[in-house]
Amino acid sequence: DPQRTAFLLRKQWTLYSVTPMYRFSGAHLRDYARLLSAFIAAEKQKGLAVEVGVELDIKVAVSNLPDLKGSDQDQAAILVQLSSRSSAFQKISEEKLIWSGWFCCVSGDDFSQNLPEDFTCLPLFLANGAECYTSIVGSWFQKTFDCCFRRLAISPLHLSWMAAMWTGCKVDKSASAVELVFSVPRLPQPLDISYAIHPEDAKALWATVQKTPGEITQEEVDVFMDCLYSHFHRHFKIHLSATKLVKVSTAVASAHCEGIIKFLQSQYLTGVLMLLTELAISQIQ
């Protein structure tokens with residue numbers, strides 16, 4: 001349902017992989033919200049600053065996102081939201097969303113089916129907001145459900161796959177340019193090269209490379225990228241193959257090698273999450 005997932009779009013999400021959670025239950029989300037709220041309050045009393053300036057009350061909400069599933073076997077996604085309310089204006093205060101995070105597993109059947117009964121598979125975690133809140137929430141989940149959070153990086157190989165797959169997707173609105181950002185290694189100062197391709201030109205190139213619609217091979221991805229490299233070298237005499245691909249931006253989504261994603265099209269949301277779930281599971285295994 002695009003309306004229920006619209007708030008996930010056009011925000012910058014930081015990616016994490018999460019090991020299976022022990023004795024987590026989707027039936028106790030209200031209890032988890034109450035316990036997490038108490039944990040945040042306790043952390044503040046220890047002197048851990050979570051907000052500079054006005055002292056804020058933190059409200060915690062934990063809920064389901066049932067639409068974000070790849071199959072009936074997947075666990076429903078779990079959304080955690082932190083809202084603030086200024087204690088100085090409690091009578092007329094309005095809650096302000098200050099941090100969001102969500103766990104999901106899209107088409108992770110093979111991994112989840114092999115887990116013991118007491119474990120829940122939600123291997124992908126995405127966070128939007130200050131890192132101090134991410135740290136507190138992650139700490140509570142790790143202590144409560146005996147799991148482990150790790151930042152999820154995206155390799156240049158996977159970025160090239162994303163560039164190829166997302167280039168071939170059809171979008172309703174006018175598509176933005178396909179942009180690839182490369183980092184030049186071994187220089188005294190950081191240097192990035194941005195390479196923008198008209199969306200129709202990129203799609204036409206992919207159409208000539210892809211042999212079977214709906215299926216993608218590593219060979220096709222390599223040919224697609226080599227063609228882009230050759231075109232760039234012909235104009236600028238620079239070998240992009242000697243650089244590192246660090247970011248991909250398309251009309252479907254944008255992704256950075258440091259594990260940052262931005263979703264732009266609701267109809268491809270589960271498809272992108274399926275790939276990210278696969279990456280998260282591979283890091284856990």
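**Close-up views: helix packing and pockets**

**View 1. H6 and H7 are oblique to each other.** Angles under 35 degrees count as roughly parallel, over 145 as roughly antiparallel, 65 to 115 as roughly perpendicular and the rest as oblique. This is a predicted model, where local features need pLDDT of at least 70 and side-chain atom pairs pLDDT 80 or more, while totals for chains, interfaces and linings use all residues. Residues are numbered from 1 along each chain as its sequence is written, and side-chain values use heavy atoms, without hydrogens or water. H6 packs on H7 (residues 218-236) at an angle of about 135°. The axes of H6 and H7 (lines fitted to C-alpha atoms over the stretch in contact; angles run from 0 to 180 degrees between N-to-C directions) are 10 Å apart. Helices are DSSP runs (H or I, at least four residues). The crossing of H6 with H7 is right-handed (near helix turned clockwise from the far one by less than a right angle). H6 brings Ala202, Leu205, Trp206 and Val209 to the contact (heavy atoms within 4.5 Å). H7 answers with Glu220, Val221, Val223, Phe224, Cys227 and Leu228. This contact of H6 with H7 has nine nonpolar residues, no polar ones and one charged. Ala, Val, Leu, Ile, Met, Phe, Trp, Tyr, Cys and Pro count as nonpolar, Asp, Glu, Lys and Arg as charged, the others as polar.

**View 2. H5 and H8 are roughly antiparallel to each other.** The angle between H5 and H8 is about 165°. Their axes lie 12 Å apart. H5 passes H8 in a right-handed crossing. On the H5 side, the contact uses His158, Met162, Met165 and Trp166. H8 contributes Val272, Leu275, Leu276 and Leu279. Seven residues of the contact of H5 with H8 are nonpolar, one is polar and none is charged.

**View 3. H2 and H4 are oblique to each other.** H2 covers residues 29-45, and H4 covers residues 131-145. They pack at about 120°. The axes of H2 and H4 are 10 Å apart. Here too the crossing, H2 past H4, is right-handed. From H2 come Tyr32, Leu35, Leu36, Phe39, Ile40 and Glu43. They meet Ile136, Val137, Ser139, Trp140, Lys143 and Phe145 in H4. The contact of H2 with H4 holds nine nonpolar, one polar and two charged residues.

**View 4. The largest pocket holds about 380 Å³ of space.** Its lining has 19 residues, and Met165, Trp166, Cys169, Gly214 and Ile216 are the closest to its centre. A pocket is an open set of points on a 1 Å grid, reached by a 1.4 Å probe, with protein on both sides within 12 Å along at least five of seven lines; lining residues have an atom within 4 Å of a point. H5 (156-167), H6 (199-209) and H8 (269-284) each give at least two lining residues. H8 supplies the largest share, five residues. The lining divides into 13 nonpolar, four polar and two charged residues.

**View 5. The second largest pocket holds about 200 Å³ of space.** Val106, Ser107, Gly108, Asp109, Asp110 and Phe111 are among its lining residues. The lining also includes Met274, Thr277, Glu278, Ile281, Ser282 and Gln285. Helix H3 (109-113) and H8 are the elements that give two or more residues to this lining. H8 gives the most, with five residues. By class, the lining of the second largest pocket has four nonpolar, five polar and three charged residues. Each volume is the space filled by probe spheres set on the grid points.
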